[in-house]
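Have the sequence and the model at hand as you read.

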Amino acid sequence: MSCGKVYIVGAGPGDIELVTLKAARLVAEGDVICYDHLIPLELLNHARPDAEVISVGKFAAKHTLPQDKINALLIEKAKEGKTVVRLKGGDPYLFGRGGEEAQDCVEAGVEFEVVPGVTSALAAACYGGIPPTHRDFTPHVAIITGHRKEGRQLDIPKAGTLIFLMGVSNISRIISSLLEAGKSPDTPIAAVEHGTRYDQRVITGTLENFEEKLKAAQPRTPAIFIVGRVVELQQTLDWFGKKPNVLVMGNHPQRYAYLGNIVHRRIIDCVAVDDYTEADETIKHIAEFNWIVFTSVNGAKYLFERLATMKLDARALANAKIAAIGKTTAQRLREYGITADLVPQDESSVGLVEEFKKLEMSGSKVLFPQAEVASKVLPAGLTELGATVEGAIVYKTIDIEPPEVDFDYIDKILFTSGSTVRAFTKHYGKMPENTEALALGIPTQQEAKKHGIEAGIIPPKANCS
Ligand code: SAH
């Protein structure tokens with residue numbers, strides 16, 4: 001008996017933050033990840049570097065892999081003793097054929113578990129501003145497939161709200177079936193396309209005029225249709241559609257969530273350096289430093305990884321005081337058992353130099369765990385204060401090609417550093433019209449200007465207390 005196992009996992013409707021903790025853990029652990037195209041693709045970044053990641057996605061017309069082949073693949077990999085994570089959009093048991101995959105596992109004698117997901121049927125309604133049930137409108141909801149073999153009318157259940165999935169190419173038949181079942185022509189109906197994603201769009205109408213309105217709007221898939229009086233609440237409850245969409249390319253994008261819906265496109269990745277000989281020499285003498293300055297989460301992550309490789313840990317830093325540029329870095333250090341002695345209010349190199357000016361730094365030895373290419377502002381500032389500065393190169397950054405963005409749906413672009421300005425220009429070209437540019441600080445604002453972008457300084461988070 002092999003100890004492989006199949007996890008049939010719901011990955012939610014598209015917004016990465018709607019992925020469950022359990023799904024995220026399994027993706028990080030899996031030997032084999034089989035996914036379909038409706039999952040949030042960023043989730044795959046959490047897979048192990050050595051995991052086998054296979055697209056078995058189904059596209060409306062062309063099936064990349066037929067269902068029986070998918071099932072056979074899951075079973076074959078599990079029988080090799082592997083942990084197989086079968087990632088499916090939304091919930092695996094709601095029109096996801098998860099039930100069939102589970103049955104095949106049982107038949108093949110392969111162990112399986114199922115992780116429910118946030119279904120698009122409810123999430124797209126929610127992000128579209130429509131609660132499927134409401135005490136003033138209806139106590140019941142039915143979720144129905146809009147997909148029917150040619151020529152057949154749909155069975156319309158008796159529920160106050162009807163939610164159709166897989167219906168875009170079949171909307172005429174859905175509407176005629178609803179009218180035949182006795183629904184009034186003025187019954188409200190809405191489409192929510194690309195639900196929970198930044199390019200979500202909601203189209204509303206009545207059974208009478210909807211087909212025409214939808215056609216004029218050129219519908220996109222995936223989409224759900226919601227039929228019933230609850231659709232009347234859409235304008236009032238459209239919380240998601242009313243928020244601006246903000247493109248962010250730097251790290252920790254959710255830090256800026258107060259600006260709107262964050263659309264994250266990564267442009268750089270951090271990786272280990274090829275040769276640690278020099279860094280290891282410096283780390284061996286780490287006890288001689290008076291200060292260790294962490295300018296980023298990655299500096300902390302890679303230094304501690306290196307210490308672990310050298311069979312050392314946080315105790316090696318016991319002689320030094322610790323500075324961290326930002327609260328996020330300080331938080332990460334706490335995970336390694338270190339509470340930073342100095343975290344400047346102004347989370348920048350300049351801010352940290354200002355803090356060091358208040359201390360006696362002359363004659364101090366300062367270590368920077370850093371990237372191969374790093375800003376010189378801080379080391380220069382400290383040298384001026386009489387400190388001796390040394391860098392330990394523990395990681396490097398590499399450019400990555402960011403996925404496309406539909407700028408029709410972007411309201412603001414936030415530049416968090418000079419490198420994000422340069423990457424934006426390189427990958428996306430000019431600043432699109434009717435889009436507001438924001439910069440995190442003055443140096444970034446100046447870099448934007450050099451590229452012909454007039455950026456305002458990011459507003460602080462409003463304090464509503
Ligand atoms: N198991 C999935 C549904 C799979 S069937 C779930 O629980 O969500 C595929 C259908 O789901 C699509 O045709 C579409 O109707 C719907 N769908 C999936 N993702 C969607 C999204 N982000 N927005 C709107 N509809 C979506």
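At what angle do helix α11 and helix α12 pack, and how far apart are their axes? Helix α11 (residues 349-357) and helix α12 (residues 377-384) pack at about 15 degrees, with axes 9 Å apart. This is a predicted model, in which local features need pLDDT of at least 70, side-chain atom pairs count only at pLDDT 80 or more, and totals for chains, interfaces and linings use all residues. Residues are numbered from 1 along each chain as its sequence is written, and side-chain values use heavy atoms, leaving out hydrogens and water.

**The pair α11 and α12**
- The angle makes α11 roughly parallel to α12 (angles under 35 degrees count as such).
- α11 passes α12 in a right-handed crossing (the near helix is turned clockwise from the far one by less than a right angle).
- Ser349, Val350, Leu352, Val353 and Phe356 of α11 meet Val377, Leu378, Gly381 and Leu382 of α12 (contact means heavy atoms within 4.5 Å).
- By class, this contact of α11 with α12 has 7 nonpolar, 2 polar and no charged residues (Ala, Val, Leu, Ile, Met, Phe, Trp, Tyr, Cys and Pro count as nonpolar, Asp, Glu, Lys and Arg as charged, and the others, Gly among them, as polar).

**The pair α5 and α6**
- Helix α5 (residues 171-180) and helix α6 (residues 210-217) pack at an angle of about 165 degrees, their axes 10 Å apart.
- That makes α5 roughly antiparallel to α6 (angles over 145 degrees).
- The crossing of α5 and α6 is right-handed.
- Ile171, Ser172 and Ile175 of α5 make the contact with Phe210, Glu211 and Leu214 of α6.
- By class, the contact of α5 with α6 has 4 nonpolar, 1 polar and 1 charged residues.

Technical notes: Axes are lines fitted to C-alpha atoms, for helices over the stretch in contact, and angles run from 0 to 180 degrees between N-to-C directions. Helices (H or I, at least four residues) and strands (E, at least two) are DSSP runs, numbered from the N terminus. Angles under 35 degrees count as roughly parallel, over 145 as roughly antiparallel, 65 to 115 as roughly perpendicular and the rest as oblique.
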